[in-house]
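Keep the structure in view while reading.

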Amino acid sequence: MNKQQLAAKIWESANQMRSKIEANEYKDYILGFIFYKYLSETELQFLKKEDYTSADIKELKEEDIESVEHIKTNIGYFIAYENLFSTWLNKGKDFDVANVRDALSAFSRLISPKHKKLFDGIFDTLQTGLSKLGDSAASQTKAISDLLHLIKDIPMDGKQDYDVLGFIYEYLIEKFAANAGKKAGEFYTPNEVSVLISEIIADHLKDRKEIQIYDSTSGSGSLLINIGNSVAKHIDDKNNIKYYAQELKQNTYNLTRMNLVMRGILANNIVTRNGDTLEEDWPYFDENDPIHSYNALYVDAVVSNPPYSQKWDSSHKEADPRYARFGLAPKAKADYAFLLHDLYHIKPDGIMAIVLPHGVLFRGGEESAIRQKLIESNHIDAIIGLPKNIFFGTNISTTIIILKQKRANNDVLFIDASKGFIKDGKNNKLRASDIKKIADTIRDRVSLSKYSQLVERDTIRLNEYNLNIPRYVDSSENPEIWDIYASMFGGIPENEIDALANYLEAFPGLRETLFEKNNEVNAKLKVNDINKAITTHKSVLGFVTKFGTSFKDIGSYLKDELLTNCLTVKINREKTILSNAIFQRLENIDLIDKYEAYQLLSDKWDVIKVDLEIIQTEGFEATTIVDPNMVIKKKNGKDVEEQQGWKGRIMPFELIQETYFQKELKSIQDKENRVLEIASEYEEQLDKLAEDDKESQTVNETQDAFVNAEVIKEAKRIRAEIKKKVLIEKDSLEAILLNVDELITEEKALKAKIKVENITLHNNTKTYIENLSEEQVLNVLELKWISPVVTSFNSLPTIIINNLTNKVQVLADKYKTTYADVAIEINQAEEILKTLLDDLQGNEFDLQGLNELKALLHGEA
């Protein structure tokens with residue numbers, strides 16, 4: 001089971017197990033136990049490295065002071081054998097909720113002084129919430145036991161621990177957020193928004209050897225971790241990244257610490273605080289002496305997604321160095337208070353990104369004054385408008401504002417990214433191509449039509465420091481226009497043909513091939529078959545050839561990158577390498593959107609990435625491993641997990657069958673097709689029934705009647721009569737019953753054969769995968785990874801050509817019917833109606849009404 005499958009399985013079960021407990025609360029329990037499992041197994045790994053035997057581990061107790069101190073010094077805490085996660089599982093029916101209470105209490109006592117800040121109180125939310133898992137100790141014990149067994153399969157050992165564990169942790173946080181309504185904003189920034197901010201920040205920091213990053217409203221810590229992951233792609237040693245985090249709510253603060261610790265980040269690189277960002281400036285001071293130990297910390301990057309437009313106490317903060325330069329945010333809306341706090345803590349060459357509601361760009365009062373000072377001080381670098389409904393629990397429009405302490409330029413880049421998304425359930429979601437386009441536009445600082453605009457400070461001054469994105473970027477669709485001349489006389493307006501300029505400039509001579517001028521403002525279509533005229537045109541053929549030449553070796557390139565180097569490829573950097581190669585191939589090819597090509601790669605990348613992770617973690621032999629296919633089924637009202645066949649850890653059964661078992665597949669498909677034909681023949685037989693029979697029963701009822709014992713008995717009697725050479729009328733009920741009996745017999749036989757052949761094929765596929773040669777493995781991986789990507793790329797020219805064909809066809813059809821044609825049709829319809837009216841009869845008043853209608857049709861007032 002790969003990490004996606006395991007995460008999905010855990011979420012499905014957890015969501016059912018939580019019953020009536022709020023998702024926002026239940027997340028703290030399951031995530032808390034996952035973290036405890038991590039700590040338990042981390043200790044076990046350390047002990048094994050220290051040559052502790054199983055017997056030694058079983059003897060570990062709190063009273064063994066020397067061992068306790070040795071373990072605490074090295075990993076920061078101590079868990080006795082009786083309190084280990086694995087021990088809880090081994091207790092079986094003897095496990096009790098009291099074991100958890102005792103263990104969590106002991107953990108609080110046995111934290112190393114150096115790690116006190118990191119671990120102190122980290123299980124408080126879990127400990128105080130145990131009573132909510134049931135009305136009695138017995139029900140609480142059962143609920144906890146179910147949870148423990150649900151998460152026991154999450155791997156914590158091996159090269160890939162942190163990735164698998166981290167993925168599942170993030171997956172569960174996202175799922176709980178999706179079910180937590182408005183409370184989701186307290187702890188979760190959607191992964192796509194986190195990745196976008198991370199890519200922007202990482203590009204700015206890519207040449208640094210040591211990096212400090214800070215999230216002032218850290219929530220679950222996901223945003224901070226994504227920053228670290230993106231930065232790590234550009235840095236030699238990920239241990240040179242230091243993380244600072246502050247969070248107001250204690251339960252959410254605990255999530256931050258758990259999340260950071262489980263990513264394998266060194267304890268010395270994690271600095272966190274549970275506190276109010278706006279009330280007390282941090283980082284940095286010592287909790288034991290905040291006044292005398294204060295020493296403002298300036299970091300390389302600050303990121304935050306604070307609560308939107310919340311109230312705050314601005315009293316006595318005029319002299320606060322965070323706000324002194326720019327002024328205080330209004331008491332009713334703390335958005336700029338968070339922004340100014342973050343800005344204060346970045347280094348002169350640092351960068352910050354903050355997610356805020358769109359209103360901060362144009363609201364008046366104190367916020368307008370702060371905006372003006374930020375612009376005049378040259379701090380605002382870019383403003384990104386995000387799609388609506390992208391955050392869980394709110395559908396308000398949001399923006400990401402990028403700021404720096406010092407900038408060489410004094411313009412501001414505005415990006416309207418509000419239209420780049422896909423629907424995902426109730427929410428909108430940024431695609432990989434949307435994220436890359438935004439990040440690239442920020443990096444290159446380019447103006448793109450209807451998407452982005454570099455705006456000089458003088459222009460912003462003229463707009464009175466209003467930063468509302470539509471003032472600078474018009475992303476609205478062009479309104480549909482109707483040409484009066486073409487509406488009256490037909491043809492196609494020249495200015496509407498001009499709208500196809502990007503195509504016609506890329507295909508020289510195509511305009512002359514497709515259109516012929518009627519006059520200086522109007523043209524007509526010269527060809528009957530638009531698609532043929534376009535696809536066979538010399539310039540279009542040249543476009544297709546040029547693309548083919550550029551991408552002719554894309555398959556072999558991908559094979560070298562992904563297959564030849566599958567054991568050594570740097571997975572976290574490879575997607576960037578591949579996308580750069582694709583963009584390079586598209587540099588001199590017009591019309592094809594490089595981000596559309598990137599999305600095609602991205603759509604397949606997740607599958608490739610998971611397979612590479614498994615191969616690099618478990619070895620190449622993982623490609624020939626087949627696992628039980630476990631499914632959840634209802635039995636006696638309970639969910640029971642049971643095996644339903646097999647599935648390849650990497651190799652899909654379907655792909656193996658399509659490649660190596662074509663004959664067997666065809667045999668099954670032929671029989672399944674015949675079963676469908678039999679259903680059609682049933683209908684034909686039913687159509688032969690007398691109308692009285694049809695009205696007496698529905699089709700389904702009739703079919704049911706055919707298969708009951710009495711009918712079968714009758715059919716057999718008829719067959720016996722035939723043997724006696726009794727003639728039966730062709731379309732009689734007896735003949736129909738006999739035909740249906742034969743169809744039923746054939747159908748049953750076919751279904752039995754299909755079942756046997758499917759089982760045989762399934763088992764043979766399992767055996768085949770387990771015995772694949774290395775050459776065969778590489779062949780199948782090429783079919784799974786490479787071929788779909790190459791096929792997608794090769795379709796790009798056809799998509800462009802089809803789009804152009806459709807646009808030309810729309811133009812041709814638009815003015816095909818002129819106003820004169822419409823008028824003639826109306827007149828003809830009026831004449832027909834008048835004729836019909838003459839034939840109508842009625843009383844005196846009816847006739848008066850008809851006469852008035854006739855007068856109107858004749859145009860009489």
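## A covered helix

Helix α14 (residues 335-344) is mostly covered, with 10 of its 10 residues buried. Buried means under 20% relative accessible area, exposed means over 50%, and partly exposed lies in between, using a 1.4 Å probe and protein chains only. Helices (H or I, at least four residues) and strands (E, at least two) are DSSP runs, numbered from the N terminus.

This is a predicted model, in which local features need pLDDT of at least 70, side-chain atom pairs count only at pLDDT 80 or more, and totals for chains, interfaces and linings use all residues. Residues are numbered from 1 along each chain as its sequence is written, and side-chain values use heavy atoms, with hydrogens and water left out.

The buried residues of α14 include Tyr336, Phe338, His341 and Asp342. Among the elements that cover them are β1 (211-215), β4 (299-304) and α15 (366-376).

## Two nonpolar cores

A nonpolar core is a set of buried Ala, Val, Leu, Ile, Met, Phe, Trp, Tyr and Cys residues joined through side-chain atoms within 4.5 Å. The largest one has 115 residues, and Ile30 and Ile34 have the most contacts inside it. Helix α2 (residues 23-49) gives the most to this core, with 14 residues. A second, separate core of 83 residues includes Ile614, Val626, Ile650 and Leu804.

Beyond its neighbours within four places in sequence, Ile34 is in contact (heavy atoms within 4.5 Å) with residues including Ile151, Leu165, Tyr169 and Met262.

## Threonine 745

Threonine 745 sits in helix α32 (residues 733-770). Its relative accessibility is 47%, so threonine 745 counts as partly exposed.
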